[in-house]
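Let's take a look at a protein model and see how its parts are arranged. We'll start with the overall fold and then turn to its charged side chains.

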Amino acid sequence: MSAVSDRLPTFPWDKLEPYKKTAAAYPGGIVDLSVGTPVDPVPELIRKALVDAADSPGYPTVWGTPALRDAITGWLERRLGARGVTHRHVLPIVGSKELVAWLPTQLGLGPGDKVAFPRLAYPTYEVGARLARAAYEAYDDPTALDPTGIGLLWLNSPSNPTGKVLSKAELTRTVAWAREHGILIFSDECYLELGWEADPVSVLHPDVNGGSHDGLVSVHSLSKRSNLAGYRAAFLAGDPEVLAPLLEIRKHGGMMTSAPTQAAVVAALSDDAHVHEQRERYALRRNLLREALLAHGFRIDHSEAGLYLWATRDESCWDTVSHLAERGVLVAPGDFYGPAGGRHVRVALTATDERVRAAVERLA
């Protein structure tokens, strides 16, 4: 049996360390726009719900409380336009990254199976395939893939890193193709509530799936919309025939969201006001950074949704990383997300207003 290290790529963020040191030495300190971790406060109503549930000495349930499942189904109907969703259609998870990394294994995929994901993509899709010892293939258009052996097809709209949004027509065509070939779709929709120049649509919308959830599961996270990255709060929604065996596996594995976090998620999903307030913060930062990058000679591609600007100076992404690090600004090189990103950088909106203003001044 090969060592785990033989199955995994080099952890990409380690390669940024020299540039991080350069940026940190700049007068006034580093402006770190390389990662998408929230920096704004957790809304008060969510913190209160967490504290009120802090006296939770017993084990939580993997499936979550009925109140949690009610909150999830209510949000799916209210925000995504999903229809006919019941408790059987939802499953809480311990943050979305663990799901992405372990899903192929939990689905029973392995040698002889294939995982497909976008050519520019969150690196953990590939990691999940590698952990399961399954093959993997990156695509530009999923419907152009050879369907043979594909056990899992990842969609990601809005995209990390590019911010690209798949249209309703594109999603509908992909769902029809996958069903024709018996391919399971998992749609990573963690940035869905952060549309700027487009209105992202879920695969759970009846206009996309024809009113059926068969073969479809969407992945949602509260990390970005509610500043809950530290809570590890996320959930799945979709085909009960897919979620039921995942629930059983996760029961055996003890993969349960803490009881206080479950209570916090109920509060978060039941309130839209804090989401709108956070969107406004990101919108202001996005406008400032976008204009500063354009004035500095960058081109912004896609970026119509999500928490990043996909920017290029038509040079090696590492040359751009170095250029910005010398000005005290750290960004993520595009090739972290696949070779096709080799001439772009990903610029995160997740910095305080003060740090964003500092970046703008340094780019001026």
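## Overall build

The protein has 13 helices and 13 strands, which are DSSP runs numbered from the N terminus (helices: H or I, at least four residues; strands: E, at least two). Its radius of gyration, 20 Å, is close to the 21 Å from the globule rule for 364 residues, so the protein is as compact as a globular protein of that length. That radius is taken over C-alpha atoms, and the rule is 2.2 Å times the number of residues to the power 0.38.

This is a predicted model: local features need pLDDT of at least 70 and side-chain atom pairs pLDDT 80 or more, while totals for chains, interfaces and linings use all residues. Residues are numbered from 1 along each chain as its sequence is written, and side-chain values use heavy atoms, leaving out hydrogens and water.

## Salt bridges

The whole structure holds 21 salt bridges (a side-chain nitrogen of Lys or Arg within 4 Å of a carboxyl oxygen of Asp or Glu). One of them joins K114 and E137, with the closest N and O atoms 3.1 Å apart. K114 sits in strand β3 and E137 in strand β4, so this pair ties together parts 23 residues apart in sequence. K114 is buried at 19% relative accessible area, while E137 is partly exposed at 29% (buried is under 20%, exposed over 50%, partly exposed in between; 1.4 Å probe, protein chains only).

Within helix α3, K48 and D52 are four residues apart, about one helical turn, and their side chains meet at 2.8 Å, N to O.
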